[in-house]
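Open the model in your viewer and keep the sequence panel beside it. Each stop below says what to select and what is there.

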Amino acid sequence: MSSGTGSDPSHPTDRTSSPAEARGLTPVGPGLGYHIVGAAGSALPGSLQSNPRLSHWLRFRPDGIVEVSPGKVEIGQGILTAVAQIVADELDVELARIRMLPATTAASPNEGVTSGSLSIEHCGSALRWASAEARAIHLDVAAQRLGVDVQSLEVRDGEIAGPGNLRTSYWELAEHETGGGLLDRDATAKVAPKPATARRLAGAAAERLDIPDKVLGRPRFIHDLAMPGLLHSRVLRPPSPGASLTALDETRAKAVPGVVAVVRDGSFAGVVAETEDAALAGLKALAAGASWQPGDALPDEGDLPAWIRSQPVESTPINLREAAPPGRVARTLRRTYTRPFIAHASMAPSCAIAHWSDGGVRLWTHTQGIYNLRADLQLVLGLPAEKIVVEHAEGAGCYGQNGADDVALEAALLARAVEGRPVRLLWSREDELVWSPMGAAQLVDLEADLDDAGEIVAWRHDVWGNGHVSRPGRGKSPTLQAAWLLAKPFPRLVAVNPPLAGGGGSERNATPCYDLPAWRVTNHRLLTMPIRTSSLRTLGAFANVFAIESFMDELAAERGEDPLAFRQRHLKDARARAVLEAAARRAGWSSRQKREGVGHGLGFARYKGFGAYCAAVAEVETDPDIRVRRLVLAVDVGEAINPDGVTNQMEGGAIQATSWVLKEAVHFDRSRITSDTWETYPILRFSEVPAVEVEIIARPEEKPLGAGEAAHGPVAGAIANAVCDALGVRVRDLPITRERIVAT
Amino acid sequence: MATPTATAAESTRLSVNGVEREIAADPATPLLSILRGRLGLTAAHFGCGANQCGACHVLIDGHAVASCDTPLWAAAGKEVTTLEGLGTPEKPHPLQRAFIAEQAMQCGYCISGIIVSAAALLRRNPSPTEAQVREALDRNLCRCGAHNRIVRAVLRASKEGARP
């Protein structure tokens, strides 16, 4: 991840006037001519740094279409539309001319993984600068051909017009070029994108490009792909994580009509069949012929804190701030907060299609990182990169590493038995809820040293739990589940945490956003992993912000101070104060009425410490069941490219967080995960969803920040604080259920 | 789910999106498999296979039904309508127009089943209250958190006079 707290590569210093004048150009408004900035130095904006070739990003087709090839993928967050808006704006073309191509390792720039709410920063910045430069390149050529000054040229919906009747267009110029044409060169980032005030599309609500297909029922998802000769398959699952297959009688499965192949490699096995129904019947017959040796016992779900504290850990200092001189400590308040394992619970079971030919494989997948997946496939399949093509096709909404990568390897292993025919592998609902990686359970110990007046003089945050990343493509050994089951198995890897510079994992948002005189933040990553964990939306930020925001309310209560005033006193950052005050104002915080069975609570965080700012106010009812009635959010994402897209992401984040806080926990006994259906893993339903209001604080001149993960932590804190406000009971363990409250 | 065998392939007659069909298949085959596999109608999605998520909802004689655990025989002689049959790009159903106007989804995998459930609701109650819309959609799950937009879209379609 390139994003950090330091210098920002996406914003080369704008030294507009002097170099432009040196080239005899004067800065001009939108549509007319273009605008030069000084040499950007070594850093190109966003993902242009690693993929500078302009033709890899953009192509003008002779039929008047602009093909845009992003390396980021649509995971239900509307990213393709936001990026299309940016490109259309910079090129001066209508949005309808933009075609967003699916990402493929055969052609697309390598932008790593679509995660961490970084797509607008990485991909949006790259395409904004690439488009501005592409426009200038075409204007220069048009000026030469037409024999006029470039300043006199204007672009209207891709048509380039000069004085009198002089006309050409991007499409006409492209027609006379071969290969990558005019864009077959590296970006220089010397052409300035438009100023915020000159943008027509970016910054205004746009209808998402994918929605018409989805409401009309046109094939759009990987699940809907049709291919000639397509076969279907299913994987045999062990009875428990870590179990090994000691014997497998394949006879009955092979006898099922329609079954084409039975595949076994070590403890990995599955069936390939002509139809889905035959694959299911084949799987049933295969399961009947399987003998397993159980793996290690799972932890006791009833006492996760004891389990977490008893594991070997790697402890890492994260942040230290010392006060000089240290404040006088009168007493210390200590509290512990926990969250359980949480499932991705995507609506669609994971799916992939694999097609082997000429000793290579082509894969269709809804992975978040096509190149990273390919790297792990190379390791497992023993193939060079050029023998594997990974194509992205949309899956259901994805909130981190669900089963998308695992199913792709499994499909490749099964399809290898039937070279020449494409094989589709669709997971079952149980596969998705049990065999996808989980969001890690966490325990947070917080301590505040207080002086005589109850003011904070020092703060300690210790977070415990498994790492949050087992993503493929980052190490020497694969992280894909099936790779660990093969006859020649790859080692089982324990989840790690991404670098702190990119926001970290378990320790994400563990450093408080508040201005406190001293703190010490420490991360304790577990070195055992009986339940496989990987990235789930916000990684550790959900638990850390839930803990910090709960603790802030507890500390305010110790002093008898209003939670809003207490937070305001500890926040210097004007943007932080602005979201907090906007949410409080909109929710009527200062005029709220104390009523029986109703409570109000606040939550705030700046995601990762350097991302979007978000504050939330929750109103809950506690009779008969705990129910969130209303959530009011204020958010500052810097420049909001598609404000309606930001609102949609914030609403979605707030509702998903409500579901996590009130309902969700992965359940297991000592041998297996038992939350394997929507009945045993319930999520929030329509009748339980709160009203959500979102206020966006407009900052069009600020760097755009991702919106997808900003709401979860603040909403969790706000709900917990509102429950305490209503009942006078502080629940420090998620999910907050009636049973928990009775037990507290 | 049933094992397809040559002997079990009987013929079932039903109407799908206004077209009379005769399907030669094991009558125990889930209707969803027939729609997606045999007829190429991919709007109804597989989500759970157990009537617990609503992603596969279709209308059978106007009622929203989970096609993943409805056997083909149960649809014999009936009128099945999928999302593809509700409207066309040229003449979209008021619900389809309203879902675009409200941008009422994130990933959209659940949307086909939700629009079908909403169509069944508006058929029996053309002017539902917000609470009635939520109640009618309670069998449909959405993981992205687009619920409130979806409810707004259904109320908008109701105001614009939606009838299947």
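**Stop 1: α3 and α4 of chain B**

Select α3(B) and α4(B): their axes come within 10 Å and cross at roughly 130°. That makes α3(B) oblique to α4(B). The model is predicted: local features need pLDDT of at least 70, side-chain atom pairs count only at pLDDT 80 or more, and totals for chains, interfaces and linings use all residues. Residues are numbered from 1 along each chain as its sequence is written, while chains are lettered from A and ligands numbered from 1 in the order in which they are written.

Some terms for this stop. Helices (H or I, at least four residues) and strands (E, at least two) are DSSP runs, numbered from the N terminus. Axes are lines fitted to C-alpha atoms, for helices over the stretch in contact, and angles run from 0 to 180 degrees between N-to-C directions. Angles under 35 degrees count as roughly parallel, over 145 as roughly antiparallel, 65 to 115 as roughly perpendicular and the rest as oblique.

The crossing of α3(B) past α4(B) is right-handed (the near helix is turned clockwise from the far one by less than a right angle). Show side chains: Leu95(B), Gln96(B) and Phe99(B) of α3(B) meet Ile111(B), Ile115(B), Ala118(B) and Ala119(B) of α4(B). Contact here requires C-beta atoms, placed from the backbone, within 7 Å. By class, this contact has 6 nonpolar, 1 polar and no charged residues. Ala, Val, Leu, Ile, Met, Phe, Trp, Tyr, Cys and Pro count as nonpolar, Asp, Glu, Lys and Arg as charged, and the others, Gly among them, as polar.

**Stop 2**

On α3(B), pick Pro94(B), Leu95(B), Ala98(B), Phe99(B) and Ala101(B); on α6(B), pick Ala153(B), Val154(B), Arg156(B) and Ala157(B). The count by class is 8 nonpolar, no polar and 1 charged.

**Stop 3: the sheet of chain B**

Colour the strands. Five form an open sheet, ordered β2-β1-β5-β3-β4 (chain B), with mixed pairing. Strands pair if DSSP finds at least two bridges between them. β2 (19-25) and β4 (63-66) stand at the edges with a single partner strand each, so one side of each lacks a neighbour in the sheet. The twist averages 40° from one strand to the next.

Zoom to β1(B) (residues 10-16) and β5(B) (residues 79-81), which pair in the parallel sense over 2 bridges. Which residue of β5(B) is the bridge partner of Ser15(B)? Select Glu79(B). Then bring back α4(B), which lies across β3(B) and β4(B) at about 30° to β3(B).

**Stop 4: where the chains meet**

Show both chains: 49 residues of chain B are in contact with 51 of chain A. The chain B side has 24 nonpolar, 20 polar and 5 charged residues.

Pick α1(B). It is mostly covered, with 6 of its 8 residues buried (20 or more other C-beta atoms within 10 Å of a residue's own). They are Leu31(B), Leu32(B), Ser33(B), Ile34(B), Leu35(B) and Arg36(B). These buried residues pack against α7 (276-288) of chain A together with β2 of chain B. Just after α1(B), Gly40(B) takes a positive phi of about 70°.

**Stop 5: Tyr337 of chain A**

Go to Tyr337(A) in strand β13 (residues 331-339) of chain A. Tyr337(A) is buried, with 25 other C-beta atoms within 10 Å. Leaving aside neighbours within four places in sequence, Tyr337(A) contacts Val444(A), Phe546(A), Ala547(A), Ser550(A) and Arg732(A).

Terms used. Two residues are in contact if their C-beta atoms, placed from the backbone, lie within 7 Å. A residue is buried if 20 or more other C-beta atoms lie within 10 Å of its own, exposed if 12 or fewer, and partly exposed in between; C-beta atoms are placed from the backbone.
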